[in-house]
Amino acid sequence: MNDFVIKMILAVTMGIISGICVYFFLKLPIGTQKKKIMEWLLWAVTEAEKELGGGTGQIKLRQVYNLFIDKFKFVSTLIPFETFSKWVDEALDKMKVLLQTNTAVQELVYTKEDVKKEE
């Protein structure tokens with residue numbers, strides 16, 4: 001019985017915290033909301049590229065979308081998939097520029113074997 005009570009308290013607490021986060025996020029100006037989402041999307045597409053590599057575009061898009069739904073549950077219900085997909089394309093463009101110009105990002109995404117293949 002004590003385990004049930006503890007789990008219920010934790011679930012209610014997490015629900016309250018999530019609600020507060022959504023409330024404060026929605027109080028931000030629309031431009032700020034989009035900027036925060038775009039910053040997160042840049043991270044998400046970079047992680048997907050690191051994990052799945054090249055030639056897996058649709059799988060990476062699905063992975064990023066699933067992560068987006070987990071991270072931005074409420075917001076994901078308001079944004080059409082087509083809009084989300086365009087935002088992912090914008091994040092991918094930024095990631096490509098970073099991969100071309102930033103060696104730290106290259107090292108984060110590519111293994112040493114990947115770099116040797118390109119040379």
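Is Ala44 buried or exposed, and what is its relative accessible area?

Reply: Quick heads-up: this is a predicted model, where local features need pLDDT of at least 70 and side-chain atom pairs count only at pLDDT 80 or more, while totals for chains, interfaces and linings use all residues. Residues are numbered from 1 along each chain as its sequence is written, and side-chain values use heavy atoms, leaving out hydrogens and water.

Now to your residue. Ala44 is buried, with a relative accessible area of 0% (buried means under 20%, exposed over 50%, and partly exposed in between, using a 1.4 Å probe on protein chains only). For the whole chain, 26% of the 119 residues are buried.

Ala44 sits in helix H2. Helices here are DSSP runs of H or I with at least four residues, strands are E runs of at least two, and both are numbered from the N terminus. This chain has seven helices and zero strands.

H2 (residues 30-52) packs against H3 (residues 57-71) at about 135°, with the axes 9 Å apart. That makes H2 oblique to H3. Axes are lines fitted to C-alpha atoms, for helices over the stretch in contact, and angles run from 0 to 180 degrees between N-to-C directions. Under 35 degrees is roughly parallel, over 145 roughly antiparallel, 65 to 115 roughly perpendicular, and the rest oblique.

Ala44 is part of this meeting too: the H2 residues involved include Ile37, Leu41, Ala44 and Ala48, and among the H3 residues they meet are Val64 and Phe68 (contact means heavy atoms within 4.5 Å). The residues of this H2–H3 contact split into 11 nonpolar, one polar and four charged. Ala, Val, Leu, Ile, Met, Phe, Trp, Tyr, Cys and Pro count as nonpolar, Asp, Glu, Lys and Arg as charged, and the others, Gly among them, as polar.

Look further along the chain, too.

Of its 22 residues, Ile37, Leu41, Val64, Phe68, Ile79, Phe84 and Val88 touch the most other members. Such a core is a set of buried Ala, Val, Leu, Ile, Met, Phe, Trp, Tyr and Cys residues joined through side-chain atoms within 4.5 Å. H2, H3, H5 (81-101) and H6 (103-109) each give two or more residues to this core, and H2 has the largest share, with seven.
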